[in-house]
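User: I am new to this structure and would like to understand the terms used to describe it. Could you take me through them one by one?

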Amino acid sequence: MDLTPSDEQRLLRESADRFVAEIFTAEHRKNAANEPLGFSPAIWKQFAELGWLALPISEAHGGLGGGAIEIGILMEAFGRGLVSEPYLATVVIGAALVAECGTEAQRQAILPKVAEGALYLAFAHSERAARFDLAHVETTATKTAGGWQLNGHKTAVLDGAAANQIIVSARIANANGASGKVCLFVVPAGTPGLVLHDYARLGGGRGSSLDLNNLQLPADTLLGDGGDALPTIEAVVDRAMAALGAEAVGIMQTLLDTTLEYTKIRKQFGRPLSANQVIRHRLADMAMQCDEARSMALRAALMADAEPVARSRAASGAKAKIGKCARFVAEQSVQLHGAMGVTEELDIGAYFKRLLAFDTLFGGSAHHYRRHAALRGRAQE
């Protein structure tokens with residue numbers, strides 16, 4: 001298999017790295033954290049002008065038709081700058097759900113607006129008792145004379161407060177009241193009965209929890225034809241984990257580069273820290289963990305369109321392995337910076353927090369080791 005990047009992929013990497021290095025400074029991140037939405041809408045518009053919002057959207061819907069590899073290149077650059085814009089929620093997850101599940105009319109109404117930066121999306125799926133099980137959905141959707149009524153509670157909605165439309169998963173209640181298939185509904189922000197609780201996320205960005213109290217929706221808010229959306233949700237979340245893995249690699253590489261530079265200039269007993277052989281061994285271990293994580297993220301991206309079991313095994317394997325590597329690199333970086341590693345004056349603490357958040361988003365390493373093992377059993381049947 002030839003893994004050499006194409007000319008277009010090299011240009012994407014160069015432009016993304018250059019833009020992030022110029023814009024996403026420590027000062028910019030502090031200012032963005034004080035924005036009401038947790039990010040800069042002006043920067044989001046620049047993402048649209050650069051074509052990044054259109055990257056994975058099909059050409060028929062105003063996009064560029066890129067794939068998981070291109071998304072990984074972009075997300076790795078975002079990791080280097082601790083980008084807090086809702087790219088994962090709106091483009092990687094939200095737009096993909098619309099593209100996979102929506103009717104042609106829904107795609108034409110939503111996807112071009114996402115590509116031009118005029119529409120933010122969020123995905124409300126996780127629930128309190130789910131424990132990262134994507135099939136655990138207790139929110140119900142009941143058919144009414146005018147459309148649908150939703151009841152339930154959602155947690156960990158990425159950038160929910162910024163979203164113009166929130167894609168909500170719910171089980172269709174049948175005549176006996178029992179839960180049935182999982183469907184998706186496009187809920188406009190501010191709909192009566194939708195109560196949103198916004199909060200700051202560890203490492204940057206914002207999250208929300210949602211209360212759905214007899215939420216009344218018209219019939220056309222059902223995304224698609226009403227078929228079971230769970231397989232599509234699993235596929236989109238697997239791709240999201242591959243994208244997150246690439247972002248974590250960018251964060252880890254930045255921590256390694258920063259720590260290596262620090263050990264060259266920080267002197268102890270008249271010698272640079274990097275002259276100490278034990279320190280060199282620790283830096284070498286950090287570099288190995290970065291390379292292992294990069295390989296796993298690339299594998300997950302390459303398998304993003306494979307058959308479901310192989311795709312999910314690659315995604316869970318990457319999430320578990322990268323989570324372990326990320327924690328090691330983050331902890332080593334903080335320790336090698338000494339007490340300064342946890343101060344606000346250095347960026348090390350911010351990168352450390354983002355990696356901690358990565359380790360729990362969509363399930364930690366322990367969860368994905370179990371999922372990977374269960375999928376292996378299915379593959380051998």
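**Terms and the values behind them**

User: Why is Asp291 called partly exposed?

Analyst: Asp291 has a relative accessible area of 46%, and since buried means under 20% relative accessible area, exposed over 50% and partly exposed in between (1.4 Å probe, protein chains only), Asp291 is therefore partly exposed. Please keep in mind that this is a predicted model, in which local features need pLDDT of at least 70 and side-chain atom pairs count only at pLDDT 80 or more, while totals for chains, interfaces and linings use all residues. Residues are numbered from 1 along each chain as its sequence is written, and side-chain values use heavy atoms, with hydrogens and water left out.

User: What makes the contact of Asp291 with Arg294 a salt bridge?

Analyst: A salt bridge is a side-chain nitrogen of Lys or Arg within 4 Å of a carboxyl oxygen of Asp or Glu, and the closest N and O atoms of Asp291 and Arg294 are 3.5 Å apart. Both residues lie in helix H8 (residues 277–302), 3 residues apart, which is about one turn of the helix; helices (H or I, at least four residues) and strands (E, at least two) are DSSP runs, numbered from the N terminus. Arg294 is partly exposed because its relative accessibility is 27%. Salt bridges that share partners join Arg13, Glu76, Asp291 and Arg294 into one network.

User: How many salt bridges does the structure hold, and which parts of the chain does the one between Glu100 and Arg239 link?

Analyst: The structure holds 18 salt bridges. The side chains of Glu100 and Arg239 meet in one of them, at 3.8 Å from N to O, and this pair links distant parts of the chain, with Glu100 in helix H5 (residues 87–101) and Arg239 in helix H7 (residues 230–265), 139 residues apart. Glu100 counts as partly exposed because its relative accessibility is 46%, and Arg239 is partly exposed with a relative accessible area of 25%.

User: Why is the pair of Lys154 and Glu127 said to tie parts together?

Analyst: The closest N and O atoms of Lys154 and Glu127 are 2.8 Å apart, in a salt bridge. Lys154 lies in strand S3 (residues 147–158) and Glu127 in the loop between S1 and strand S2 (140–143), so the pair ties together parts that are 27 residues apart in sequence. Lys154 and Glu127 are buried.

User: Why are H7 and H10 called roughly antiparallel?

Analyst: H7 and helix H10 (residues 348–360) pack at an angle of about 150 degrees, with their axes 10 Å apart. Axes are lines fitted to C-alpha atoms, for helices over the stretch in contact, and angles run from 0 to 180 degrees between N-to-C directions. Angles under 35 degrees count as roughly parallel, over 145 as roughly antiparallel, 65 to 115 as roughly perpendicular and the rest as oblique, and H7 and H10 are therefore roughly antiparallel to each other.

User: Why is Leu82 called buried, and what is its phi?

Analyst: Leu82 counts as buried because its relative accessibility is 4%. Leu82 is placed in the loop between helix H4 (68–81) and H5, and although it is not a glycine, it has a positive phi of about 50 degrees.

User: Where does Asn214 lie, and why is Asn214 called partly exposed?

Analyst: Asn214 lies in strand S7 (residues 206–218), and Asn214 counts as partly exposed because its relative accessibility is 45%. Asn214 also has a positive phi of about 50 degrees, although it is not a glycine.
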